[in-house]
Amino acid sequence: MRKLVLAALGGTALGLIVTTQVAGPLVAQEAERNASVYEQLDLFGDIFERIRAEYVEEVDEGDLIEAAINGMLTSLDPHSSYLSPEDAADMRTQTRGEFGGLGIEVTQEEGIVKVVSPMDGTPADAAGILAGDFITAVDGESVLGLTLDEAVDLMRGPVGSEIVITVVRDGEDEPFDVSIIRDTIKLNAVRARIEGDTIVMRVTTFNDQTFPDLKKGLAEEIEKAGGLENVNGVVLDLRNNPGGLLNQAIYVSDAFLEAGEIVSTRGRDVEQSDRNNATPGDLIEGKPMVVLINSGSASASEIVAGALQDHRRAIVVGTQSFGKGSVQTVMPLRGEGAMRLTTARYYTPSGRSIQALGISPDIIVEQPRPAPVEETEEDTTARPLRSEADLRGSLDNDSLSEDELKQLEADRERAEKAAELREQDYQLAYAIDILKGLSALGPRALADPEKRAEAAGEAAQ
């Protein structure tokens, strides 16, 4: 018995020694790290006081601290930043769908302000600003070396006032100036219309109104078509859509999926990770879809395109998307300000991270830039092509009834409209042609997603 007690005591002593040997260095390391942090904070205090006391001009202490906070956040990544009370209020207004400004979504790339996308129907869109443009100056003042928030502040101003931005564009030899009149930006999150037998849903942003507008617009266009049986498919146009609210991207994806994962977000800790799944119910009951994207499609747009692509629910057409695969959480701070902090990465259902890679289209289709109109003295109008029907005394076609002739004429008008659309928006016309081709191939091709994707490639040739 005495030996057992001694053995137990010895084991306890050994356990204490081992615990002390392991925990001791860890505690010491933590204490050393804390000491280093406090030293750095003391250094910050010293610099702050030196600036207040010795800078050549008197400075605003609040501005100094705000700049330090913003510098700390922007050093993490291009999407983390401090929002002053005014900026936080502007952001809340934007998510509701109305705000003042130029109508462009911008980011910062290697210290240069880059246009993610112009928003449809805004002053920037009307002025010809394109996704991928670089803004180097505002009203003659260089924005190089400024933070993104500082550059954005320069672009803000009263509604109706003029601003001149200097743009560097790929393919242009020299920078050029663009004059824009600031206006109140009213965003229609979704615009729906019918092109032939195809419903086109143009989604410009993901704000509080996006899913309700999409659902309502889709129902209205189906009713105009006389029912879903008269629709050959839907084009979901996400070009130049800079993103927005994550929950709206999930709702829009879910609108066309019956089941399965839509997107997963993974943070630093397991507790910060989340997975979002689709619920039963497809608003268009399995009708084929084409999703249009380009380099201005970012964030929430990429979530939707990636989810529909991974589930083989839609054929993705266009060019490589922007590649913003991170989630920002807006955290309220004291004084009505806020902090936008990157807290997670998001992944498509197949486990792909979009970050810095973007969504690759199933079919790459470039949008031709409009060719400059050259004025010439000669009339270069092409002569109309002649056919048998134009020849004097040609025989009439006696194989068609009056109704069939009317149908033939209607088909011809449709083809002419399709040709006009090709001139106006080549990518959209291409997407609609894919749906026409799939419809012509019949229900067997549409039933199997793999055959559908294969047939789409053939139909678009």
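Student: How many bridges join β13 to strand β14, and in what sense do they run?
Tutor: Four bridges join them, and the strands run antiparallel. Keep in mind that this is a predicted model.

Student: Which residue stands opposite Asn277?
Tutor: Glu261, across from Asn277 in β14.

Student: What else does β13 pair with?
Tutor: β18, also over four bridges, in the antiparallel sense. There, Gly267 stands opposite Ala344 of β18.

Student: How many of the residues of β13 are buried?
Tutor: Five of seven, so the strand is mostly covered.

Student: What does Gly260 contact, beyond its neighbours in sequence?
Tutor: Asn277, Ala278 and His311, leaving aside residues within four places. Gly260 and His311 are 51 residues apart in sequence, yet their C-alpha atoms are 8.1 Å apart.

Student: OK, on to helix α8. Why is it largely enclosed?
Tutor: Because 10 of its 11 residues are buried, the rest of the structure largely encloses α8, which spans residues 300–310.

Student: Which ones are buried in α8?
Tutor: Ala300, Ser301, Glu302, Ile303, Val304, Ala305, Gly306, Ala307, Leu308 and Gln309.

Student: What covers them?
Tutor: The cover includes β12, α7, β13, β15, β16 and β18. In residue numbers, β12 is 233–237, α7 is 246–254 and β15 is 289–293.

Student: What happens just after α8?
Tutor: Arg312 takes a positive phi there, about 55°.

Student: Now the open sheet. What's its strand order?
Tutor: Six strands, in the order β10-β11-β12-β15-β16-β19, with mixed pairing. The edges are β10 (190–195) and β19 (363–364), and each of these pairs on one side only. Helix α8 packs on this sheet and touches β12, β15 and β16. The direction of α8 makes about 145° with that of β15.

Student: How do β11 and β12 run, parallel or antiparallel?
Tutor: Parallel, with five bridges between them. β11 is residues 198–203. Thr198 stands opposite Gly233 in β12.

Student: Is Ser326 buried or exposed?
Tutor: Buried: its relative accessibility is 9%, and the cut-off for buried is under 20%.

Student: Which side chain makes a polar contact with that of Ser326?
Tutor: Gln328, at 3.0 Å. Beyond four places in sequence, Ser326 touches His79, Thr342, Ala344, Arg345, Tyr346 and Gln355. Ala344 is also the residue opposite Gly267.

Student: What about Val116, where is it found?
Tutor: In strand β4, residues 112–118. Val116 is buried, with a relative accessible area of 5%.

Student: What does Val116 touch?
Tutor: Not counting residues up to four places away, its contacts are Glu105, Val106, Thr107, Ala131, Pro242, Ser295, Gly296, Ala298 and Phe322. The C-alpha atoms of Val116 and Gly132 are separated by 6.1 Å, and these residues are 16 apart along the chain.

Student: Last one, the whole chain. How many helices and strands are there?
Tutor: 12 helices and 19 strands. The chain has 461 residues, and 37% of them count as buried.

Student: And what share of the contacts join residues at least 24 apart?
Tutor: 66%, among contacts between residues at least 6 apart in sequence.

Technical notes: Residues numbered from 1 in each chain as written. Predicted model: local features only at pLDDT ≥ 70, side-chain atom pairs only at ≥ 80, totals over all residues. Heavy atoms only, no water. Buried < 20%, exposed > 50% of the residue type's maximum accessible area, 1.4 Å probe, protein only. Helix = DSSP H or I, 4+ residues; strand = E, 2+ residues; numbered from the N terminus. Contact = heavy atoms within 4.5 Å. Pairing = 2+ DSSP bridges. Axes fitted to C-alpha atoms, helices over the stretch in contact; angles between N-to-C directions. Polar contact = N/O pair within 3.5 Å; in protein donor to acceptor, adjacent residues only side chain to side chain.
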